[in-house]
Amino acid sequence: MRRRIVAGNWKMNGSKDLSEKLVGYVRSEAGSLDNGVEVVIIPPALYVGDVLRLAQDAVSVGVQNVGQWQAGAYTGEISSEMAKDAGCRYVLVGHSERRQLFGETDEQVAEKVSLVLASGLTAIVCVGETLEERESGQAKSVVAAQVRAGLSSVVRAASSASAWKNIVVAYEPVWAIGTGKTATAEDAQAMHASIRGVLKDMGAPAEEISLLYGGSVKADNAAALFSEPDIDGGLIGGASLVAEDFVSICRYFPAGA
C-alpha cells in the first residue's frame with residue numbers, strides 16, 4: 001500500500017511560541033490516528049530544531065528548500081546533508097513559490113532532487129500549472145513536462161530502482177494556492193492519474209509512489225479529495241498553522257482503507 005502522507009508547509013510563518021503550542025498538540029493527537037497517515041511538519045529552517053524536539057518520533061519533519069550544493073561558499077543556503085544531520089526526513093523541492101518568485105527552473109529542481117536522494121532523504125517534488133495554462137488547455141502537458149524534467153536525475157541514476165522509494169510528487173495547481181479556490185476532487189483526481197501515467201512511462205514503479213494534492217486543502221474539502229484513488233494525501237498550507245484544522249485533515253482517511 002502506498003504511503004499516506006499529510007504534510008504541513010508553514011512557508012514563511014511561525015515562531016517559537018507557535019512551535020510549542022502546535023507541535024505538541026499535533027504530536028499528542030498523531031498517536032491516536034488509526035488510518036496509517038504519516039504526519040509531516042515542514043517549518044522554516046530556523047525552527048526545525050524546535051519542531052524536531054517537540055515532535056519526537058510521532059511526527060516527521062522536513063525543510064522547505066535546499067541549495068544545489070552540499071557545502072561551500074554559498075551564504076544563506078542550507079544543504080540536504082545539513083537537513084539530514086539535523087534529523088529531517090523530507091525536503092520540499094520545486095514548490096510553486098520557489099518557481100514563481102525565485103525563478104527556480106526544472107533543471108535546478110532535478111539537481112536538488114539528486115542531492116536529496118544522495119543524502120538518503122525523501123524529496124517531495126512539487127509540480128503544477130498556472131490559471132492561464134489551465135484555461136488554454138495545457139495543464140496536463142505542463143505538469144507532465146515538470147515531472148519528466150524534475151525527476152530526470154532519478155531516471156539516469158544507476159540505483160534508480162531504489163531511488164524511487166524516496167520520491168513523493170505533490171500536485172499543486174498554482175491558481176489554487178492561497179486564493180481560496182480549489183480544484184474539484186474530480187479535477188484533482190484526473191491530474192493525479194495523469195501524473196501516475198507519466199511516472200509509469202518514465203519506468204518508475206508508479207503504483208508505489210505517493211501523490212499528494214496541494215491546492216488549498218482544508219477540513220471541509222479533505223474528505224472528498226482523499227477519497228479519490230490516486231490522491232494519497234495532502235501538502236497543506238494555511239490550515240497547517242491551526243493545530244485543530246491540521247489534525248482534522250489528517251483524520252479524513254478512513255481507517256484501514
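This is a predicted model: local features need pLDDT of at least 70, side-chain atom pairs count only at pLDDT 80 or more; totals for chains, interfaces and linings use all residues.
Visitor: How are α1 and α12 oriented to each other, roughly parallel or roughly antiparallel?
Guide: Helix α1, which covers residues 16-30, packs against helix α12, residues 243-250, at an angle of about 30°, and their axes lie 9 Å apart. Since angles under 35 degrees count as roughly parallel, the two helices, α1 and α12, are therefore roughly parallel to each other.

Visitor: By class, which residues make up the contact of α1 with α12?
Guide: On the α1 side the contact is made by Leu-22, Tyr-25, Val-26 and Glu-29, while α12 brings in Ala-243, Glu-244, Phe-246 and Val-247. Sorted by class, the contact of α1 with α12 has no polar residues, 2 charged and 6 nonpolar.

Visitor: What is the handedness of the crossing of α1 and α2, left-handed or right-handed?
Guide: The axes of α1 and of helix α2, residues 48-55, come within 9 Å and cross at roughly 30°. With angles under 35 degrees counted as roughly parallel, α1 and α2 are therefore roughly parallel to each other. As for its hand, the crossing of α1 and α2 is right-handed.

Visitor: How many residues of the contact of α1 with α2 are charged?
Guide: Helix α1 takes part through Lys-16, Ser-19, Glu-20, Val-23 and Arg-27, and α2 through Asp-50, Val-51, Arg-53, Leu-54 and Ala-55. In the contact of α1 with α2, 4 residues are nonpolar and 1 is polar, and the number charged is 5.

Definitions and conventions: Residues are numbered from 1 along each chain as its sequence is written. Side-chain values use heavy atoms; hydrogens and water are left out. Axes are lines fitted to C-alpha atoms, for helices over the stretch in contact, and angles run from 0 to 180 degrees between N-to-C directions. Helices (H or I, at least four residues) and strands (E, at least two) are DSSP runs, numbered from the N terminus. Angles under 35 degrees count as roughly parallel, over 145 as roughly antiparallel, 65 to 115 as roughly perpendicular and the rest as oblique. Contact means heavy atoms within 4.5 Å. Ala, Val, Leu, Ile, Met, Phe, Trp, Tyr, Cys and Pro count as nonpolar, Asp, Glu, Lys and Arg as charged, and the others, Gly among them, as polar. A crossing is left-handed if the near helix is turned anticlockwise from the far one by less than a right angle, and right-handed if clockwise.
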